[in-house]
Amino acid sequence: MPTRQALDIARQQGVDLVEISPNAQPPVCRIIDYSKFLYQQKKRAKEMKQKQVKVEVKEIRFGPQTDDHDYQFKLKHAKEFLEEGNKVRAYVFFRGRSILFKEQGEVLLLRFANDLEEYGKVEQLPKLEGKKMFLFLAPKKAATAKKSQQKLDRERREAESREANKLQGASSAITDIDVETPANGGLFANIKGGEELLKKLQDSNEE
């Protein structure tokens with residue numbers, strides 16, 4: 001319809017005529033409450049922002065001669081960071097003359113990247129910047145909700161309890177078997193080597 005007619009309709013309804021698609025032929029407009037429209041747009045943008053996963057960059061620091069225990073400790077933390085969907089920036093810091101061991105630092109970072117192959121992908125190979133050599137890793141999978149330690153412990157205890165109940169049930173079944181001698185027509189009477197099996201069971205029960 002003509003623009004003037006659309007404006008008249010908007011005024012009659014006490015709302016606004018808002019251009020939605022200016023590049024369309026003819027342009028597309030809507031008769032809406034513009035302030036309400038802006039509020040809904042802001043609300044939608046806020047909801048989308050809340051749904052986005054916040055990616056943080058976690059730092060892992062090494063020395064050029066980090067021992068294996070310290071290395072494993074930091075490797076464990078890096079796995080947790082990547083599983084949570086965060087990036088990892090690992091670096092080796094060279095103090096004074098330790099810069100002579102820069103090749104050793106590079107080997108350490110490459111080993112670190114290799115050990116995390118299942119959890120992250122390399123975004124930047126080891127690169128020396130001043131007294132620091134950096135390695136950047138990004139998570140392979142999208143962030144997943146991490147189970148609390150209490151939940152993990154509870155699930156482990158439940159699994160151990162189920163396993164213990166199974167073993168107890170199997171033990172009771174063996175104890176309740178009528179282990180009569182073959183001469184009296186017991187369970188092992190017609191089994192080849194039944195006497196030997198019977199003796200083992202009896203010895204086990206006596207223990």
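Trainee: What should I know about the model and its numbering before I start?

Mentor: It is a predicted model, in which local features need pLDDT of at least 70, side-chain atom pairs count only at pLDDT 80 or more, and totals for chains, interfaces and linings use all residues. Residues are numbered from 1 along each chain as its sequence is written, and side-chain values use heavy atoms, with hydrogens and water left out.

Trainee: What span should the 14 residues of α4 have?

Mentor: Helices are DSSP runs of H or I with at least four residues, numbered from the N terminus, and the expected span is 1.5 Å times one less than the number of residues. For α4, residues 102-115, that gives 20 Å, and the end C-alpha atoms are 20 Å apart, which agrees.

Trainee: Which residues of α4 are buried, and which exposed residues does the face turned away from them carry?

Mentor: In general, an α-helix has 3.6 residues a turn, so residues three or four places apart point the same way. Buried means under 20% relative accessible area, exposed over 50%, and partly exposed in between, with a 1.4 Å probe and protein chains only. Here G105, L108, L109, F112 and A113 are the buried residues of α4. They cover an arc of only 135° around the axis (taken from the directions from the helix axis to the C-beta atoms), which puts them on the same side of α4. The face turned away from that buried side carries the exposed residues E103, V107 and N114.

Trainee: Where does L110 belong in this picture?

Mentor: L110 also lies in helix α4, and is partly exposed, with a relative accessible area of 40%.

Technical notes:
Helix = DSSP H or I, 4+ residues; strand = E, 2+ residues; numbered from the N terminus.
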